[in-house]
Amino acid sequence: MRCDHVLEILAEGDPRAREIKEHLAQCPACAARARAWRLAQAGFRELASEPVPEASVGFTPRLMRRLAESSRPAPAEQSFFEKVGRRFVYSTLMLALLALLALAVPRSGPLRSPNSAELMLMQPSVATLQDESVLNVDGLGSHWPHNSTVTAPAAGGQR
Amino acid sequence: MISKEEAAQEAGWIERCQRGEQEAFAPLVERYRSAVFRVVYRVVRRRDEVEDIVQEVFIKAFTAIRSYNFQSSFQTWLSRIALNHCYDYLRRVRASHVTYFWQMSEEGQRNLEATAESREPGGLNAEQRAAVRELASQVLEAAPPADRVLLALKEIEGHSVEEIGEILDLKPSTVKVRLHRARKRLLKEVSSRARVRPGEPAGAPRP
């Protein structure tokens, strides 16, 4: 028997088992191979008995969604909605931008008065206003109650 | 095996899919999902990756469903897609050097040597079983992707050479030759990891 056949015969469980036994008894290389093969086989048997993981909940709906997304051929009515959708996104973004600007502008000063903005940056502490002239900076002074607490620098009015 | 009625129902789903009706694919997914999980897991052996791969397999299958000609069973056709996908995946993983190579623990090694020396590995104890399982996963992990696909189908799933030929669309004689080479490479790996020593014929008394 040729050494090259031994593995095939071993692996396929050939009925020529006796022939093999005789060969293995005389051929150290094949005997080592046979031992290695038996180890591998035992290992494969163990792997075969391992449980196979199962699909998680929602597997099929998830797949169907992916399928719908990946194979969208974009017929006319969909491209219409796509356009509308895009416009909607752009206009929302624009509105958000405007809202941000509207929030940012009064704080940055120029619309109120250039001085107050600068001073707010220099001295950002909360001060109790006692001097009525401070409140005149933006011309609102007369409407404010006398002892109110306002976030503004105390020195504002001195300039 | 599926019954005649089930087969007719299935053919209806497939034909609808071939006309582009995606909804008809859902029952096919439900029917074959566990079979695809099985085939993918046996080859790839990464629990955390299996689900993603199976999803990709089904998406590929739907995209290619017009090429299904009812010659082989739908499961065979799906398995072919799954295995091709696994093969690509393994090659990608190898190319990016993610393949990890871990050393066997001392204890695992000792158990393995004991197992290798005993003539009949039929009655293994728990440690020895763990050791041979570790060995088999290691050698599979180290094997070239094409070998891995073949060995998983033959040695783990127990398919015949003819069945493998049908799944992979190869002649049985080609499968036989490739399987033989894959086994030879595998044995080299096993021998080097399990330190199976040549030099003592199986029947010779040990000193």
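This is a predicted model: local features need pLDDT of at least 70, side-chain atom pairs count only at pLDDT 80 or more; totals for chains, interfaces and linings use all residues.
1. On the residue level, 56 residues of chain B are in contact with 41 residues of chain A.

2. Next, the charged pairs. Side chains of opposite charge can pair when their charged atoms come close. The model holds 14 salt bridges over all chains, and the count between chain B and chain A is four.

3. Glu46(A) deserves a look. The side chain of Glu46(A) meets that of Arg129(B) in a salt bridge, at 3.0 Å from N to O. Glu46(A) also forms a salt bridge with Arg133(B), where the closest N and O atoms are 3.5 Å apart. Here Glu46(A) belongs to helix 3 (residues 28-48) of chain A and Arg133(B) to helix 6 (residues 126-142) of chain B, so this pair joins two chains. Through shared partners, Glu46(A), Arg129(B) and Arg133(B) form one network of salt bridges.

4. Another pair to check in your viewer is Glu50(A) with Arg45(B), whose side chains meet in a salt bridge at 3.1 Å, N to O. Glu50(A) sits in the loop between helix 3 and helix 4 (59-70) of chain A, and Arg45(B) in the loop between helix 2 and helix 3 (47-63) of chain B, so this pair too joins two chains. Glu50(A) counts as buried at 17% relative accessibility, and Arg45(B) counts as buried at 15%. The backbone of Arg45(B) is also worth a glance: this residue follows helix 2 of chain B and has a positive phi, near 60°.

5. Within chain B, Arg46(B) and Glu141(B) meet through their side chains in a salt bridge of 3.0 Å, N to O. This pair links distant parts of the chain, 95 residues apart: Arg46(B) is in the loop between helix 2 and helix 3 of chain B, and Glu141(B) is in helix 6 of chain B. Both Arg46(B) and Glu141(B) are buried.

6. Now to helix 2 of chain B itself. Where does helix 2 of chain B bend? The bend is at Tyr32(B) and amounts to about 50°.

7. Finally, the nonpolar packing. The largest nonpolar core has 75 residues, of which Phe25(B), Leu28(B), Val40(B), Phe58(B) and Phe74(B) touch the most other members. Helix 2 of chain B gives the most to this core, with 12 residues. A second, separate core has seven residues, including Val6(A), Ile9(A), Leu24(A) and Ala34(A).

8. Which residues is Leu28(B) in contact with, leaving aside its neighbours within four places in sequence? They are Glu10(B), Trp13(B), Ile14(B), Cys17(B), Ile65(B) and Phe74(B). Of these contacts, Phe74(B) is itself one of the residues that touch the most other members of the largest core.

Terms used
Residues are numbered from 1 along each chain as its sequence is written. Chains are lettered from A and ligands numbered from 1 in the order in which they are written. Side-chain values use heavy atoms; hydrogens and water are left out. The bend at a residue is the angle between axes fitted to the seven residues ending there and the seven starting there. Helices (H or I, at least four residues) and strands (E, at least two) are DSSP runs, numbered from the N terminus. A nonpolar core is a set of buried Ala, Val, Leu, Ile, Met, Phe, Trp, Tyr and Cys residues joined through side-chain atoms within 4.5 Å. Buried means under 20% relative accessible area, exposed over 50%, partly exposed in between (1.4 Å probe, protein chains only). Contact means heavy atoms within 4.5 Å.
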